[in-house]
Amino acid sequence: MVFLSIPNGKTLSIDVNPNTTTISAFEQIVHQRTNVPQPLLRYSLRMGNPSRVFHDSLLLSDLGLRCFSTVIIHVPLLGGEQGALPPPDEPVTWITVARLEEADGHTAMVWNTIDMCINTLQRGGAVIDREYWMNAARACERDGFVVTCKAIIKNFIGIGVDEEDMKTTWLADAEMSKKSGCVETARAIYAHSLTVFLTKKSIWLKAALLEKSHGSKESLDALLRKAVTYVPQAEVLWLMGAKEKLLAGDVTAARAILQQACGVIPNSEDIWLAAFKLEYENKELELGRILLAKARERVGTEKLWMKSAIVERELGNVDDERRLLDEGLKQFPTFFKLWLMLGQLEERFNNLEHAWKAYESGLKHCPSCIPLWVSFANLEEKNVNGLNKARDILITARKKNPHVAELWLASIQTELRHDNRGEAEHLMSKALQVCPRSGILLAADIEMSTRPRRKTKSFDAMKKCSCDPHVTAAVAKLFWQDKKVEKARAWLKRAVALNQDIGDHWALYYKFELQHGTEESQKEVLAKCVACEPKRGEKWQAVSKAVENAHQPIEAILNKVLIALIKEEKAA
């Protein structure tokens, strides 16, 4: 016989022989007599140091029990030795025990406890509050009980959710968990979601993004490898894997991923272009050339023809460049970039008549392409007495594209290049009537104005376009001219923040810091510009797209644009 001391103060006698009764059999008897589920049992031979023994085949005598010994039953955190026995339908009971198991390092018992919890609750007909359990999982993570958190998610996330709503609801749960800083909860939600929706690209992508921002390189790599196994047609997952390898400096691994992707999705333009870009940026032009030849055979999109011509241009193969452009235009006559490149090719070698034909043909197929109109006008302007023809081209362009600010600006700049200031101001007046909220026009209007009128012009422009980067940069220049250094710096900083892709503004900001800043501030602007990788801006594009600058780093492009700004300032 063994005596049992339970938390309500009573002592029960149990007719067992310690020398022949196993712990497992003893716990079953205790459960029948006390209603305490076996996983909740903590007991000791004397007060203090309650424990749970998992070697169920051991005998009671192995614990030191003898006949007439007293076993004290403990219910931790639920009243201790003096408290009531835990109600099996009380969630906190199970959560507490799972936490204790995790604290003791008994991971398997954590899962068993939560499994038993949901079975007990459902068998007893208890109403399960899903939101309570989701919040409990997040609370467990915050307290460091990650296994308990995961077990709760696995067992309770589907409670009360219709099958058609599962994906949406679970993704919303994960987002809420991320926003509240519960990364492990979100990770557990994605992991469980992927057991149900194994082929859903969106869930794999969200899980990958979570690993990218909060996991390790190894965990992200493992997840992406698994993802493309189950969703092999998901281009974005292949591309993400390759990009991560590139960022880690492992070009060989990135190349292998893209090669595999090309085999799995042979008709993907994005995959072929990424594979080409890798070779292009590593100056492996011959490899890039071979890739593009294969891509044209299998996919043959207009971008692939354009990239093919670019490679030949850089290799100096003029005939092949022209051939590819001609062949591409036969297949894609409405792709304006091919016409533009053909015209520029002829201009490079002073074949002005052929360039003229290229632009004219291009505009027949692409009448709404603004760069083609501007290039055509600029070509005519180079000829003797070409101003009138350039005007006519731009007038025609504006008639066909009446509300395009870039065409009005091109006309204004054409007049200014020929010192026709009156005509330029007249055009600006008309342009602002047609495009009253155009940032590029308002900025140009400020710079064209006489010094006394610039303040008024800038005030009016800010009222119309307070968040336009061009207007902001123009106002910054005024402060700079008035030697209001801190205000100029603040407005230039704001200009690049409004649109980080405009390289001209980064060059202006860098020029300002070179004149008025410290070495530290100059390095900061340079680093931010390099990180943003700008691609827009009139001067920036003119420099970055020049053949000789094809593989120049951002810093080199920035310095060349800076030189162009200085030359422009001296000329003015």
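Helices (H or I, at least four residues) and strands (E, at least two) are DSSP runs, numbered from the N terminus. This is a predicted model, in which local features need pLDDT of at least 70 and side-chain atom pairs count only at pLDDT 80 or more, while totals for chains, interfaces and linings use all residues. Residues are numbered from 1 along each chain as its sequence is written, and side-chain values use heavy atoms, with hydrogens and water left out.

**View 1. The whole protein chain.** The protein chain has 29 helices and 4 strands. Of its 572 residues, 46% are buried, where buried means under 20% relative accessible area, exposed means over 50%, and partly exposed lies in between (1.4 Å probe, protein chains only).

**View 2. Ser 177 and the residues around it.** Ser 177 is found in helix α6, and it counts as buried because its relative accessibility is 0%. Leaving aside residues up to four places away in sequence, Ser 177 touches Arg 138, Cys 182, Thr 185, Ala 186 and Ile 189, a contact being heavy atoms within 4.5 Å.

**View 3. The salt bridge between Lys 212 and Glu 244.** A salt bridge is a side-chain nitrogen of Lys or Arg within 4 Å of a carboxyl oxygen of Asp or Glu, and by this rule the count comes to 34 salt bridges. In one of them, Lys 212 pairs with Glu 244, with the closest N and O atoms 2.5 Å apart. This pair links distant parts of the chain, since Lys 212 belongs to helix α8 (residues 201-214) and Glu 244 to helix α10 (residues 235-247), 32 residues apart. Lys 212 is partly exposed, its relative accessible area being 42%.

**View 4. The salt bridge between Arg 348 and Glu 321.** The closest N and O atoms of the salt bridge between Arg 348 and Glu 321 are 3.1 Å apart. Arg 348 lies in helix α16 (residues 336-348) and Glu 321 in helix α15 (residues 318-331), so the pair ties together parts that are 27 residues apart in sequence. Arg 348 is partly exposed at a relative accessible area of 36%, whereas Glu 321 is buried at 1%.

**View 5. The salt bridge between Asp 445 and Lys 457.** Here the side chains of Asp 445 and Lys 457 meet in a salt bridge (3.1 Å, N to O). The two residues, 12 apart, link distant parts of the chain, with Asp 445 in helix α22 (residues 439-448) and Lys 457 in helix α23 (residues 451-464). Asp 445 is buried, with a relative accessible area of 10%, while Lys 457, at 22% relative accessibility, counts as partly exposed.
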